Amino acid sequence: GSFSIFEGVLRSLGLIIVYGCGAFLPWYEIAYFAPVFPFLALLLLLKSPESPVYLVQKGKFEEAEIALTKLKDNEYDIAEEIKLISEGLVKNKQTKYGTVVEKIDKHPEIRR
């Protein structure tokens with residue numbers, strides 16, 4: 001979702017900054033400050049909530065609601081979103097083909 005897009009944008013921006021600094025600074029000075037940004041990203045990742053879809057899939061509906069409240073604004077209908085996620089997971093399970101893992105389990109001859 002939006003977090004993965006945000007990560008890609010920040011990675012690209014970081015590369016541009018490091019390459020830009022490379023035109024003016026020696027490599028060892030860049031090597032001192034360049035690891036700061038991935039470390040900050042790691043700290044932000046530790047504070048980010050678990051995926052609501054994953055939590056609903058594991059039956060942790062209350063935790064999914066808490067995660068959604070952290071991700072969405074106050075005017076958002078959290079209960080409706082949980083319902084949509086649940087329905088989507090059920091629909092995905094009931095598709096004709098299912099997931100790749102389910103296909104392999106049903107048809108062991110396609111394993112290599």
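Among contacts in the protein chain between residues at least 6 apart in sequence, 22% join residues at least 24 apart. Keep in mind that this is a predicted model.

Now the overall layout. The protein chain has 112 residues, and 11% of them count as buried.

Next, helix H6, residues 78–93. At 1.5 Å a residue, its 16 residues should span 22 Å, and the end C-alpha atoms are 23 Å apart, which agrees. Which residues of H6 are buried? They are Ile78, Glu81, Ile82 and Ile85. Seen down the helix axis, these buried residues fall within an arc of 100 degrees, so they line one face of H6. What does the buried face pack against? The buried residues of H6 pack against helix H4, residues 52–57, and helix H5, residues 61–71. On the other side of H6, Ala79 and Lys91 are exposed.

Last, the surface. A nonpolar patch of about 800 Å² is made by Val36, Phe37, Phe39, Leu40, Leu42, Leu43, Leu45 and Leu46. Take Leu42 as one of these: Leu42 sits in helix H3, residues 36–47. Leu42 is partly exposed, with a relative accessible area of 42%. A patch residue needs over 30%, so Leu42 qualifies at 42%.

How values were computed:
Residues numbered from 1 in each chain as written. Predicted model: local features only at pLDDT ≥ 70, side-chain atom pairs only at ≥ 80, totals over all residues. Heavy atoms only, no water. Patch = residues over 30% accessible without salt bridge, like charges linked within 9 Å, V, L, I, M, F, W, Y side chains within 5 Å. Areas by Shrake-Rupley, 256 points an atom, 1.4 Å probe, with all protein chains shown as cover. Salt bridge = Lys/Arg side-chain N within 4 Å of Asp/Glu carboxyl O. Helix = DSSP H or I, 4+ residues; strand = E, 2+ residues; numbered from the N terminus. Buried < 20%, exposed > 50% of the residue type's maximum accessible area, 1.4 Å probe, protein only. Expected span 1.5 Å × (residues − 1). Arc of directions from axis to C-beta. Contact = heavy atoms within 4.5 Å.
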